[in-house]
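Me: I would like to learn how to read a structure like this one, taking one feature at a time. Could you give me the general idea of each feature and then show me the case here?

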Amino acid sequence: MTRIAITGIGVIAPGAVGVDAFSALLDRGNTAATPIDRFDTRGLSAHTAALVRDFVPRDFIAPMKLRRMNTLSRFGVAAARLAISDRGSELSTAAGVAIGTAFGPVQTSVDYMQEYVEKGAALAPPQLFAESVANAPGSHVGIEFGLRGFNITVTQRESSALAALMYASSQIAKGVSPAAVVGGVDEVSEIAFGVLDRVGTLAHSNGAVDECARPFDRRRNGMVVGEGGAVVIAEAATRKEPYAFVSGFGIARDTTASISDWGESAEAVVSAMRAAIEDAELSVHNIDAIYASANSTKRADRLESAAIQSLFRDRPPVVATKGYFGEYAAGGALQLSAAILAIRDQKLHASTGFGEPDEALISPTRRQEDRDLRHILVNSISAGGGIVCAVLSREAA
Amino acid sequence: LRKPDPDIRIAVTGAGIICSIGHNKEEVWKAISESRAGIGKLTRFPGESFPTDLAAEVEGDLPVHGRDARRMSRSDKLAVVAAAEAIAQADGVKLDRAIVSTGTSTGGLVEGEDYYFSRLVRGRRRAPASMVLQQATSGPSDAVARAFNVGGGVVSNATACASAGAAIGIAADYLRAHHADAAIAGGTDALCRLTYSGFNVLQAVDGEPCAPFSSKRKGITLGEGAAYLVLERWDDAVARGARIIAELCGYGATCDAHHPTAPHEEGRGAEAAMRGALCDARSSAEAIDYVNAHGTGTLLNDSAETKAIIAALGTGVPVSSSKSYFGHTLGASGAVEAVITVLALANQIAPPTLRLETAAADCPLDYIPHTPRPMRMQNALSNTFGFGGSNVSLLFRRA
């Protein structure tokens with residue numbers, strides 16, 4: 001049996017910089033979403049997002065290097081520095097890097113196009129072009145920490161960070177790299193926010209209901225988007241007590257999904273969850289909790305709820321974390337980080353935002369609870385139909 | 001969790017390609033055989049003024065129809081065309097437990113640019129958002145999976161110009177770990193303004209058609225295209241009676257950890273990627289009969305890659321750059337050139353490097369100038385490197 005140890009976490013989250021602050025944010029049970037002041041939301045239905053506000057990049061990155069990095073690269077390098085420091089020692093140069101990003105450098109592309117329009121196609125700044133590739137954050141992490149193993153950037157929408165962890169774990173298990181910096185980065189940009197708002201994906205106030213992520217709640221009407229960077233150190237052998245172990249992955253695709261929306265086939269979600277549990281050499285009844293994908297959209301929450309009801313006869317508690325930091329936050333790596341902390345602390349988090357059950361749907365945890373947690377299932381269900389599930393375990397075997 | 005099992009062999013049972021020299025394998029190989037490049041004037045963006053004006057564009061209509069086609073980006077459509085050819089060749093491959101693994105650098109960015117311009121003109125509320133609902137770089141995987149009802153999963157990566165090589169490597173390991181039963185693995189990228197402008201701003205574009213490894217080389221020619229391979233576990237492919245066109249023996253993926261855009265001068269990461277591929281395939285340097293180089297035509301790449309090839313394989317192996325035919329197809333290049341490598345092995349003909357009048361002083365290898373060379377080839381490497389110093393090398397064997 002192979003399990004991959006998680007030996008460090010670095011988090012740049014809305015409302016929290018560092019793993020302790022992130023843990024405290026989850027303990028407080030409040031959302032980190034706030035009214036948007038970064039761009040003008042007049043005329044839109046939605047006006048809130050979970051934005052990173054307390055992050056001071058120069059605390060983590062030398063000024064000369066900072067100038068060459070966009071927001072995503074800063075999130076990635078700072079989160080990696082925190083994670084490596086949390087691990088306690090430098091990584092081998094053979095370590096790999098796998099970063100997930102749901103939107104990638106949308107804002108950098110917009111900034112580039114603005115210069116292109118104003119100055120002309122020949123005079124846009126080369127620095128912006130270099131940062132307009134989605135793998136810039138991963139590449140900066142490789143350069144900053146001298147990591148010469150694989151360096152891959154996964155862009156599978158909501159599943160990006162889990163998919164990155166899946167690839168990195170496969171490479172560590174295979175033995176090509178002893179360790180990897182794995183995680184995600186994402187940024188809330190005005191242009192993507194505007195598109196999501198136009199197509200009705202975002203939570204919005206509706207009479208008595210205020211604008212809020214309400215996973216599995218009957219009043220839910222869309223997601224709140226989030227941003228940030230979160231990185232974990234995954235490795236084969238460990239010297240210190242790890243946070244948790246990664247023990248299995250499953251992937252599937254919902255063939256009823258259109259190319260830009262969630263589908264309706266609970267079967268595909270069941271198949272991915274089951275595959276992850278089997279890959280971990282476990283049975284369904286071994287799963288002590290589920291950290292759900294639940295992003296507070298009507299469709300995705302209904303789909304996931306039906307799948308969980310179908311697979312689990314004695315349903316373990318389900319935790320919905322997107323109420324804290326939104327969807328897409330760190331490409332899904334904040335949800336993963338929360339689940340890892342749950343294993344370490346043997347404590348389930350409350351599902352903030354959830355208040356009124358939807359009769360047809362499962363109800364997630366309402367309050368924080370100490371609990372014996374040996375295995376946690378983590379789900380990510382993407383628009384377009386992609387599904388990635390992972391199992392985290394407390395013990396090495 | 002299950003490890004990728006090194007004893008599991010990976011069969012290539014289908015290949016599809018579209019680029020400036022052809023819309024399918026037959027057209028592409030005919031152009032290769034005739035030493036006929038597909039580089040001409042840039043026509044995709046009339047009205048824009050760039051310092052250079054050449055490109056390797058895919059001409060003609062892309063035959064993708066139906067309701068979904070209206071929402072697809074050009075990169076998505078290129079991907080669907082190439083995937084259709086690959087899946088058709090892998091006649092009878094089951095797709096319910098197959099994955100789509102796609103690499104793309106910018107994906108649907110050109111539609112993002114159109115949306116950006118539309119917003120400037122019509123305002124945020126009136127610009128049509130229907131073309132930008134897919135995330136640009138996951139769109140191609142989602143479109144291919146949707147078009148062919150693929151049920152096993154989607155994995156998209158955007159690792160700059162190494163993307164498609166990475167996509168093929170990821171797929172191989174997921175088959176070896178039984179995460180899926182088949183894979184449609186490849187890459188796609190359509191020309192977009194940002195990339196065309198950006199490489200010009202970096203002064204990395206040749207004003208003439210690119211001349212990889214040449215003393216006159218000045219940079220790349222930007223191209224577009226897509227290609228996919230259908231991969232299956234060897235025993236499964238044999239059991240279902242599939243025609244195996246090549247074996248994917250292994251791959252190596254590394255990072256220079258050196259510079260955001262420039263390769264390491266000595267080709268450190270490229271060398272490690274080739275060594276990684278040899279190790280993954282349990283093969284040796286002496287076994288490699290041909291290298292399909294990344295060979296972009298930039299001063300830095302061709303020099304560094306040559307050094308890396310010499311360090312990893314020695315000076316005896318013939319090397320060529322197919323980019324001299326269809327330019328740099330960016331995120332798609334790893335797959336486009338993997339298909340060329342597979343075709344070279346199948347036909348036992350190495351494609352040449354066009355326009356190589358005089359090799360540069362820092363490029364002392366045999367680059368197969370001008371005309372295709374019939375030769376015995378058992379094993380071939382296909383190199384693909386990208387921004388951020390990401391390197392992937394794929395090792396294919398004749399079936």
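Me: Is R220(A) buried or exposed, and what is its relative accessibility?

Reply: A residue is called buried under 20% relative accessible area, exposed over 50%, and partly exposed in between, with a 1.4 Å probe and protein chains only. R220(A) has 2% relative accessibility, and therefore counts as buried. Please keep in mind that this is a predicted model, in which local features need pLDDT of at least 70 and side-chain atom pairs count only at pLDDT 80 or more, while totals for chains, interfaces and linings use all residues. Residues are numbered from 1 along each chain as its sequence is written, chains are lettered from A and ligands numbered from 1 in the order in which they are written, and side-chain values use heavy atoms, with hydrogens and water left out.

Me: With which residue does R220(A) form a salt bridge?

Reply: Side chains of opposite charge can pair when their charged atoms come close. The rule for a salt bridge asks for a side-chain nitrogen of Lys or Arg within 4 Å of a carboxyl oxygen of Asp or Glu. R220(A) forms a salt bridge with D358(A), and the closest N and O atoms are 3.1 Å apart. R220(A) lies in the loop between α8 (190-198) and β8 (228-235) of chain A, and D358(A) in the loop between β12 (347-348) and β13 (369-370) of chain A, so the pair ties together parts that are 138 residues apart in sequence. Helices (H or I, at least four residues) and strands (E, at least two) are DSSP runs, numbered from the N terminus. D358(A) counts as buried because its relative accessibility is 17%.

Me: How many salt bridges are there over all chains?

Reply: The whole structure holds 51 salt bridges over all chains. Among them is the pair of K30(B) and E34(B), whose side chains meet at 3.0 Å, N to O. K30(B) is partly exposed, with a relative accessible area of 49%, and E34(B) counts as partly exposed at 42%. In another pair, E232(B) and R240(B) meet at 2.7 Å, N to O; here E232(B) is buried, at 3%, whereas R240(B) is partly exposed, at 29%.

Me: How many residues does each chain bring to the contact between chain B and chain A?

Reply: Contact means heavy atoms within 4.5 Å, and by this rule chain B brings 78 residues and chain A brings 75 residues. Buried area is the accessible area (1.4 Å probe) that two parts lose on being put together, summed over both. Between chain B and chain A about 6300 Å² is buried, and carbon and sulfur atoms give 60% of this area. The interface also has 5 salt bridges, including one between R119(B) and E190(A) at 2.6 Å, N to O.
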